[in-house]
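Subject: Two-chain model for you to look at

Dear colleague,

I am handing over the structure below, and my notes on it follow. Please read them with the coordinates open beside you.

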Amino acid sequence: MSVTADHESPRRSLTARELEAFRLELDALRERIREDLGERDARYIRRMIKRQRQAELAGRACLFVPPLWAAGTGLLTLSKILEVMEIGHNVMHGQYDFMNDPALRGRNYEWDWACPGDQWRHTHNYLHHVFANVVGEDRDVGYGLLRMAEEQPWHAGYLLQPLYAVGLALAFELGVAVHHLELNRVLRQEKSLAEFVEHARPVVRKLSSQLFKDYVAFPGLAGPAAPFVFSGNLTANVLRNVWAFAVIFCGHFPDGTQTYGREQAADESRGAWYLRQIAGSANIEGPRWLHVLTGHLSHQIEHHLFPDVPAARYPEIAPEVRALCQKYGVRYTSGPFTRQLGQTLKKIARFALPSRSPALVPTAKPPVTRPREVASAHAA
Amino acid sequence: MLPQLRQSLRPARRPLNELLRTRVVSALVKPRRVDDYLELIDPLWSVQYVRARVVRIHEETRRAVSLWLQPNELWRGFRAGQYVRLTISNRGVQYSRCFSLSSAPADGLPLRVTIQTVVDGCVSEWARQYVQVGDIVEVSQALGEFVLPHAVPRRLLFITGGSGITPVMSLARQLTHERFTGELYWLHYSRDEVILADELADLERTLPGLRLFVHNTGRRCGVLSRNHFSEEQLHRSVPEYRSCEVYACGPAALIEDVTGLFRERGLLDRLQVEHFLPSRRVPIAGQQACRVEFQRSAVVSTGTGSLLDRAEASGLLPRFGCRMGVCRSCVCRKISGVVRNELTGRVSTEPDEDIQLCISTACSDVVLDL
């Protein structure tokens, strides 16, 4: 298996002093951008929101007219993708909190997507971002369904994981919605049923209102055009699912990205944290429209370094991050979409089979000391 | 096409709003709000908030700007002397500030606010440089108790300083419209140019009972204190001030002097004051360190300062506006503990009370629902 990185970087670890210098340079970059936030960023997100809503209104209207089915479905897909990728995900990171606009406040924003905002803020903003690619902590490593790392012990169930992956891609919205419920831990009786029910309630509520809207209310309003509206909504949701799945999996699993054991991430310095974020992420190269449709997750590395910096800023800071990585000899993984996707899919297939060397099978896992304990998933 | 649609929908907006507020419609747009889509058609259109279009801008003095605001149909009207909370966006950041309306209800729409611009003020900067005719702002419904009683007293005394003239101008304009025939004394203090000076001059013609005294308190006028408010000066201008209903609005020092005098004379029940700046600078320092727990966020602060500062220092982002205890944007439920309102000195000891974060400090360990 050949490892593809865009530039050959010496694979050696940084000294503590180098790591600290690296951290200071990244911190300075972040501060510089945060100082500069203002009108431009506000205008960008407002314009994006306006476009998204226009596309949604136009899409839903077109679906009421059967000959316009394809156009309606396309517009609705576009609006659904923008809402989750470029607006919801980024706003919920608090990227636009500086605007002091109650409608765009990260801790209150509720996106048009089945996963309840509060649960997302916990599993994504906290677990995934703080513990990126730490097997056993970051549940985005395989979503409790797929084996994506050596550190995950193999069992025969994983043989079918290419099929699971297809299922997860098609129903990604549902997969993310039940992510927080940790069904696998409930089945293993590691999570109490009471806790499960408590977590499930908001999911059921949100999911039913999402399903009602797309599959009952709008088709119902359309009268004789109901089947067209229904199928258009279904298609748009499935297309969004596949797209989101592809983008998100491309962000952390192409060749060159690393996963970590709990002990490796325990007690790491801020510099080492930065390093892990970079090593665990991969960028996608492409035209501007692609970046927008990925919600700028095409700059996964920059996003993981600075999750609360407005995403539209990532393209402008990426060259600097890349230069810093080169300077310090840190691998910066980046490639075109098709290549990253191909590598990710290959990885799904490869890890369906047991690893050739059973080297890294973890035994007893020590718990990671968390930087800041969050009491409940509903913490704002 | 859009302007025509906007135009033709305008008369229908009121009945449409009723429909748009129903649960059926909100289920269709959930988790967004109806407003989020209405603003695509017309940025003024909302079923929830009063939004207003800036229709005219006039520089009153070098340091004061009047804006005329045409609100949408959700505006419920106001009484002379009331204020609104204005929410604007400057350089991408939203700010809310309270401003008195300087027009009178009888003037009709658009409303007028007169904004005194201060150095370094974000809203001031906006009002001086960035606002343009056609901009959309958000306004609250009218707030405040600085109003005339329904039976207007026959003898009135207004004491105003600087931009404190604005709500009182509203009162005076309303009196003019109502053809007030009683006595009206008005003492105005100004450091430099008088805001709304032309209108003040007009009032002398249209309000027959008005006796106006304008005092310049600027440094150029020799002895600093000579023109400032004092009992002697009040007595000289308005010998019968004890029998007047008094409305005072102005800078903290003026309001303190006026309140002090009327308290001494036992006339406080005749005095109505409005202050838009805290009557004293909130002294938030040197508090002993009390533990503040932000319960919902599961964060504990052990620092000092206002609860808002402490929440922010702990990485939280509570809603806030004026940061001086006026706009109540930052009101938060206190679950337990003792906090002092540094503006009023009032101490809140009861559990489950709403407090203003920006002007409250902890006097004991406190738990907040934040």
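This is a predicted model: local features need pLDDT of at least 70, side-chain atom pairs count only at pLDDT 80 or more; totals for chains, interfaces and linings use all residues.

Two strands are taken to pair if DSSP finds at least two bridges between them.

Confidence in chain A

The pLDDT of chain A averages 88, and 91% of the residues score at least 70. Two stretches call for care: residues 1–11 of chain A have a pLDDT below 50, with 16 contacts in the model beyond near neighbours in sequence, and residues 359–380 of chain A also have a pLDDT below 50, with 36 such contacts.

Where the chains meet

The contact between the chains involves 27 residues of chain A and 17 residues of chain B. On the side of chain A that touches chain B, helix H2 (39–63) and helix H8 (193–222) of chain A each supply at least two residues, and H2(A) gives the most, with seven residues. Sorted by class, that side of chain A has twelve nonpolar, four polar and eleven charged residues.

H2(A) itself can be checked for length: its 25 residues, at 1.5 Å a residue, should span 36 Å, and its end C-alpha atoms are 36 Å apart, which agrees. Its buried residues include Ile45(A), Ile49(A) and Leu63(A), but also Asp41(A), Arg53(A), Glu56(A) and Arg60(A). The cover over the buried residues of H2(A) includes helix H3 (69–92), H8 and helix H9 (226–252) of chain A, together with helix H4 (34–41) of chain B.

Domains of chain B

The domain assignment divides chain B into domain 1 (1–47), domain 2 (49–144), domain 3 (155–274) and domain 4 (292–368). The centres of domain 2 and domain 3 of chain B, taken over C-alpha atoms, are separated by 24 Å, and 18 residues of domain 2 of chain B are in contact with 14 residues of domain 3 of chain B. Strand S1 (50–61) and strand S5 (111–116) of chain B are the elements that give two or more residues to the side of domain 2 that touches domain 3, a side whose residues divide into seven nonpolar, eight polar and three charged.

S5(B) is mostly covered, with six of its six residues buried. Both of its faces are covered, Leu111(B), Val113(B) and Ile115(B) being buried on one side and Arg112(B), Thr114(B) and Gln116(B) on the other. Strand S2 (residues 64–71) of chain B runs antiparallel to S5(B) and is joined to it by six bridges, and the bridge partner of Leu67(B) in S5(B) is Val113(B).

A proline in a loop of chain A

Pro287(A) lies in the loop between strand S1 (283–285) and helix H12 (288–293) of chain A. Pro287(A) is exposed, because 8 other C-beta atoms lie within 10 Å and the cut-off for an exposed residue is 12 or fewer. Pro287(A) and Pro336(A) are 49 residues apart in sequence and 10.0 Å apart in space, C-alpha to C-alpha.

With best wishes

Notes: Residues are numbered from 1 along each chain as its sequence is written. Chains are lettered from A and ligands numbered from 1 in the order in which they are written. Two residues are in contact if their C-beta atoms, placed from the backbone, lie within 7 Å. Helices (H or I, at least four residues) and strands (E, at least two) are DSSP runs, numbered from the N terminus. Ala, Val, Leu, Ile, Met, Phe, Trp, Tyr, Cys and Pro count as nonpolar, Asp, Glu, Lys and Arg as charged, and the others, Gly among them, as polar. pLDDT is the predictor's confidence in each residue, from 0 to 100. The expected span of a helix is 1.5 Å times one less than its number of residues. A residue is buried if 20 or more other C-beta atoms lie within 10 Å of its own, exposed if 12 or fewer, and partly exposed in between; C-beta atoms are placed from the backbone. Domain bounds come from an automatic or database domain assignment.
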